[in-house]
Every structure is written in C-alpha cells, then in structure tokens.
Amino acid sequence: MMKRHAFLRCCSSAVLAALVFFYSSAAPAQQDETSRSWNRPVKPFRIIGNVYYVGAWEVSSFLITTPQGHILLDSGFAETVPQIRENVKRLGFKLEDIRLLINGHAHYDHAGGLAELKKLTGARLAASEADAVQLAAGGKGDFQWGDTLAFPPVQADRILHDGDTVELGGVWLVAHLTPGHTRGNTTWTMEVKEGGKTYNVVFIGSTSAPDYKLVNNAKYPKIVADYQHTFSVLESLPCDVFLGPHGSMFGLLEKMAKLETDAKTNPFIDPQGYRQFVQASKASFYEQLKGQQAALAK
C-alpha cells in the first residue's frame, strides 16, 4: 500500500478545489483515499471540436467522435468505467459505438478499465509495443512498482510504433513514443476544427518519475536517455490544445469553470500552458537526476 500511495502522491500535482458535479452513478468505492479522491465524478463536456471529456476528477478519459464510431483514449481506474459509461450516455452517444481504444501508458489509473471497456464495446485496442506487454500482464512486472499496482489484464489488437497513426471515420491520431514514465508511454496528437480554424491537440503522456531510480537502474538502463528523448519530442510538437492523463496537469477543473462562465473563449486553447508544463517537467526531472547523482558521488 505504501508503494501505491507513493505513486499517487508523485504522479501528478495536487488537485485544486473547483467546480465538481456529483451524481448517482458514482464509481464503486476504492480501497485508498487518494484513489477515491481522484475518481470523483465530474460532469462530461465537449472540450473542442469532436473531443469530449468523459473521465473523472483527476484521471482523464477522452471521447473522440466520428461519423463511423468513436475512439476512447484512456480508461482511468477499473472503478472509473461506470462513470465513463454514464458520461458517454449523458453526452448523447452510445458506449457500443466506441470502435477503438487507445492508451497513454500502462498504469492502473489509466489502463485499469480497458479490459472491461473492451468487453462492453467490442472495440479494438491499439497500444505501443512496450506497453502492450504491460497491458497483457495487467501491470505486473513493472520496472518500478513490480506487481503492486496490478489491474485486469487486456490484450492489444494492434501494436503501435513511433509515428504510427490510427484512423476512424476520417479522424486521424498520431502516436508519438515518449518513454520514461513507462517504457511505452505515448503522447497522442490530432487536429480539430472549430470556428473555421484548425487546432493542434496534444494529449501529452506522463512526464513524472515518481520515486524512480534514475542512476544505475539495472531494470531500466536507458531510463535517462528515454526521458531526454521524451522532452525533445514534446518540445518539438505544435500545440494549441493541451490535454493529458491527469486533470491537474492541464488545469481541467479551472478550465471547466471558465468554460461554464464564458462560452465565447475556450480556455483549453492554451499553447503557453503546454510549453510551461513541458519546461517545468523537464526542470523537475533534471533536478531529480542531479540529486541522485550527487548522492551517489558522496
């Protein structure tokens, strides 16, 4: 349980109190308080174009709609699935119309519900090669967490490599491998149209290294090089709309509140917020690395 708490504490910054909507379809209770807090329901809404938020308070799930069915990015916890199911319905869509499941990375707070969603929808699952192994193992054998953060195993139907695309109903998403947080951590990008303009959407992969051993890590020898590659990739991506696997990463609750009060200005169009987040994440990583190197040198 201590490992679980360490993961939850470090994986994302604390969530600020803001606009939250509770309703009767709340997810089943979870064992630890932090997970229950992260899994609190919020009202589903359209972010921009054909991109909708159907996740929970802190663990994200995005519905991308098309005329030929829909794409779902991330599942939250296993306990988040009832919320996603209800949220999709509340937005006027059908869960069974989800044709494709994709994932940011194979941790239990983002992939825990994929097996159940695959069963409910019959959708195909596409995942990076390295994370497909973790998904099939239900999170067991993780280089950092071992078997302690397990979730229902799920088999990928398609293995993705860097730069691969997924397409449905004329909507394309590009998979950018941004390893480190997991070996197959994936950042997704797409274009959306709104008000006659085209916007670049980035669903950023997790960038934190929660209690990770960065120096002389025998279980992940390339971990530092992978993080360095990831920051280089993220810095190169054009971004207008900044989204991610944790609500607090991209200011979900604050931006929801602004969207409710000012429909003319979309706060999710936030290129500056994206750049600031990437730079802050990079600085935090190098500070952590420097600290471990200094400790080793003593």
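In which sense do β4 and β5 pair, and over how many bridges?

**View 1. Strands β4 and β5 side by side.** The two strands run parallel and share 4 bridges; two strands are called paired if DSSP finds at least two bridges between them. Leu72 has Leu101 in β5 as its bridge partner. Strands here are DSSP runs of E with at least two residues, helices are runs of H or I with at least four, and both are numbered from the N terminus.

A quick word on the model before the other views. This is a predicted model, numbered from 1 along each chain as its sequence is written. Local features need pLDDT of at least 70 and side-chain atom pairs count only at pLDDT 80 or more, while totals for chains, interfaces and linings use all residues, and side-chain values use heavy atoms, with hydrogens and water left out.

**View 2. The whole chain, for orientation.** You're looking at 9 helices and 12 strands. Of the 298 residues, 55% are buried. Take the contacts (heavy atoms within 4.5 Å) with a separation of 6 or more: 68% of them link residues 24 or more positions apart. The chain exposes about 12,900 Å², with 53% of that supplied by carbon and sulfur atoms; the areas come from the Shrake-Rupley method with a 1.4 Å probe, and for residues only the protein chains shown count as cover.

**View 3. The open sheet of 5 strands.** Strand order is β8-β9-β10-β11-β12, and the pairing is mixed. β8 (165-168) and β12 sit at the edges, each pairing on one side only. From one strand to the next, the twist averages 20°; axes are lines fitted to C-alpha atoms (for helices, over the stretch in contact), and angles run from 0 to 180 degrees between N-to-C directions. β8 and β9 (residues 171-177) run antiparallel and are joined by 4 bridges. Look for Val166 opposite Leu173 in β9.

**View 4. Thr186 in strand β10.** Thr186 belongs to β10, residues 186-194. Its relative accessible area is 4%, so Thr186 counts as buried. A polar atom of its side chain lies 2.8 Å from the backbone oxygen of Gly184. That's a polar contact: a pair of N or O atoms within 3.5 Å where, within protein, one must be able to donate a hydrogen and the other to accept it, and residues adjacent in sequence count only if both atoms are side-chain atoms. Leaving out residues up to four places away in sequence, Thr186 touches several others, including Asn103, Ser128, His176 and Phe203.

**View 5. Helix α9 and what it packs against.** α9 spans residues 271-297, which is 27 residues, and reaches 39 Å from first C-alpha to last, close to the expected 39 Å. The expected span is 1.5 Å times one less than the number of residues. Its buried residues are Gly273, Tyr274, Phe277, Val278, Ser281, Phe285 and Leu289. They pack against β11 (197-203), α7 (223-236) and β12 (241-243).

**View 6. Asn50 in the loop between β1 and β2.** This loop connects β1 (45-48) and β2 (51-53). Asn50 has a relative accessible area of 16%, so it counts as buried. Its side chain reaches the backbone oxygen of Thr65 at 2.8 Å. Thr66 is 16 residues away in sequence, with a C-alpha to C-alpha distance of 7.4 Å. Beyond neighbours within four places in sequence, Asn50 also contacts Val171, Met190 and Val192, among others.

**View 7. Gln144 meets Asp211.** Gln144 lies in the loop between α6 (129-136) and β7 (158-160), and is buried at 19% relative accessibility. A polar atom of the Gln144 side chain lies 2.9 Å from the backbone oxygen of Asp211. Asp211 is in the loop between β11 and α7 and is partly exposed at 45%. Its phi is positive, near 60°, although Asp211 is not a glycine.

**View 8. Asp74, with a positive phi.** Most residues other than glycine have a negative phi. Asp74 has a phi of about 75°. You'll find Asp74 in the loop between β4 (69-73) and α3 (81-90), buried at 4% relative accessibility.

Technical notes: Buried means under 20% relative accessible area, exposed over 50%, partly exposed in between (1.4 Å probe, protein chains only).
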